[in-house]
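Please look over the structure shown below before reading on.

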Amino acid sequence: KLCTEGGPIRRNPAGNVGRPAVQRLPEPQDVTQCLEVRVFDTPPFYSNSTDSFRNTVEGYSAPTGKYDPAVRSLHNLAHLFLNGTGGQTHLSPNDPIFVLLHTFTDAVFDEWLRRYNADISTFPLENAPIGHNRQYNMVPFWPPVTNTEMFVTAPDNLGYAYEVQWPGQEFTVSEIITIAVVAALLLVAAIFGVASCLIRSRSTKNEANQPLLTDHYQRYAEDYEELPNPNHSMV
Ligand SMILES: O=C(O)c1cc2cc(O)c(O)cc2[nH]1
């Protein structure tokens, strides 16, 4: 039987009625956008950092990376959507979904490391909260392990790889316009090409008719030469 401090596990997905913004789960597109945030972390290396991949995947920023105190996304949004046991920091590991959510969150981090071939120089060396500087041990793990040691892809660090089909990228408005313009130009070029081929084949046909005309006129010319010359005497 699964129990928390307060009794059996409780969930009330989307029951966070006082917070409409957390009554939905993250969307695949949110993951796509989060993976486009190139910089690992930005000052103050905290939950109000903007354009920080770390703060975005954690879910304190919008999926685009822009910090907004009213927003909860990705990891945090999933916790808050679950509500109950899964929505409270001190209890959430008691909810079995915790393992699934955190494994997926780690898979997003792993994909980010792989995609940008990230090296540790992007990890804050100093001024991050306690336990979060590059060479500090990660709290509360035992035996001690530094952030540097964990800033490695899963196959190198853990000996396994995540099998995830990352959602495809949706096109932006400007990309859609560019694609439409290029498609229209290609269409015009194709119409022009077909039309000029048709015109050329017609004129080739006309040229093919030309010898017949020439023969025709030649025959008239020969007939004309055979006619008696009215100026010549028939005597
Ligand atoms: O308010 C949040 O963003 C929030 C709630 C919550 C609960 C939890 O168990 C976590 O691990 C993270 C978290 N973030």
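Where does Pro 140 lie? Pro 140 is found in the loop between α4 (97–115) and α5 (147–150), where helices (H or I, at least four residues) are DSSP runs numbered from the N terminus. This is a predicted model, in which local features need pLDDT of at least 70 and side-chain atom pairs count only at pLDDT 80 or more, while totals for chains, interfaces and linings use all residues. Residues are numbered from 1 along each chain as its sequence is written, and side-chain values use heavy atoms, with hydrogens and water left out.

**Cis peptide bonds**

- Most residues other than glycine have a negative phi, and most peptide bonds are trans.
- The peptide bond from Val 139 to Pro 140, however, is cis, with omega near 10°.
- The bond from Trp 142 to Pro 143 is cis too, with omega near 0°, and Pro 143 is placed in the loop between α4 and α5.

**Positive phi values**

- Asp 51, in the loop between α1 (28–34) and α2 (53–58), has a phi near 55°, which is positive in a residue other than glycine.
- With a relative accessible area of 32%, Asp 51 is partly exposed, a class that falls between buried (under 20% relative accessible area) and exposed (over 50%), using a 1.4 Å probe and protein chains only.
- Leu 74 is not a glycine, yet its phi is positive at about 35°.
- Just after α3, Asn 83 takes a positive phi of about 65°.

**The enclosed helix α3**

- Leu 74 lies in helix α3 (residues 74–82), and because its relative accessibility is 8%, Leu 74 counts as buried.
- Nine of the nine residues of α3 are buried, so this helix is largely enclosed by the rest of the structure.
- The buried residues, including His 75, Asn 76, His 79 and Phe 81, pack against α1, α2 and α4, where contact means heavy atoms within 4.5 Å.

**Helix α7 and the annotated span**

- The UniProt annotation "transmembrane region", from an unreviewed entry, covers residues 176–199; such annotations may be inferred rather than shown by experiment.
- Residues 176–199 are 100% helix and 0% strand, and the end C-alpha atoms of the span lie 35 Å apart.
- Val 181 belongs to helix α7 (residues 173–226) and counts as partly exposed because its relative accessibility is 46%.

Key
Helix = DSSP H or I, 4+ residues; strand = E, 2+ residues; numbered from the N terminus.
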